[in-house]
Amino acid sequence: MQIWVDADACPNVIKEILYRAAERVGVPLILVANQPLRTPPSQYIRSIQVAAGFDVADNEIVRQLEPGDLVITADIPLAAEVLEKGGEAINPRGERYTRDTIRERLAMRDLMDELRGSGIQTGGPPALDKGDRQAFANQLDRLLARRP
């Protein structure tokens, strides 16, 4: 198992949790972004810089993903592709995407895009709070404990 991070939009506090987890359990952690990233020195942590552009980082993650890998992303279409390839996906709030829930999440995303496109202000997600960080860390620990 490797952990892939859609790093352009991943909050720094979540990256810190991931850095500690990678060191603690010795799992490879790869951050993919279209900008240079500073990561702590570690044999388990690396970053990949891709060209700027729509979905370039997402496409790189999907291209390199192996079944059983874990992806950290708030991007619902990316999560759907990860699940399709046999990977696991969670968002920075610790919510796990599953085959049972991803269609509903895609439909809600499309509805919100349609509303925004018609000029309705939908607002964004609330700021990440301590409970979200704890939920993420707990979900990450559960998934790491299941790995072979």
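What share of the contacts in the chain with a separation of 6 or more is accounted for by residues 24 or more positions apart? The share is 49%, where contact means heavy atoms within 4.5 Å.

The structure is a predicted model, in which local features need pLDDT of at least 70 and side-chain atom pairs count only at pLDDT 80 or more, while totals for chains, interfaces and linings use all residues. Residues are numbered from 1 along each chain as its sequence is written, and side-chain values use heavy atoms, with hydrogens and water left out.

The chain holds five helices and six strands, which follow one another from the N terminus as β-α-β-β-α-β-α-β-β-α-α. These elements are DSSP runs numbered from the N terminus: helices are H or I with at least four residues, strands E with at least two.

As to overall form, the C-alpha trace spans about 50 × 30 × 30 Å along its principal axes. The radius of gyration of the chain is 15 Å, in agreement with the value near 15 Å for a compact globule of 148 residues; it is taken over C-alpha atoms, and the globule rule is 2.2 Å times the number of residues to the power 0.38. Of the 148 residues, 38% count as buried, meaning under 20% relative accessible area, with exposed over 50% and partly exposed in between (1.4 Å probe, protein chains only).

Gly-131 lies in helix α5, residues 130-146, and counts as partly exposed because its relative accessibility is 47%. Between Gly-131 and Arg-93 the C-alpha to C-alpha distance is 8.4 Å, with 38 residues separating them in sequence.
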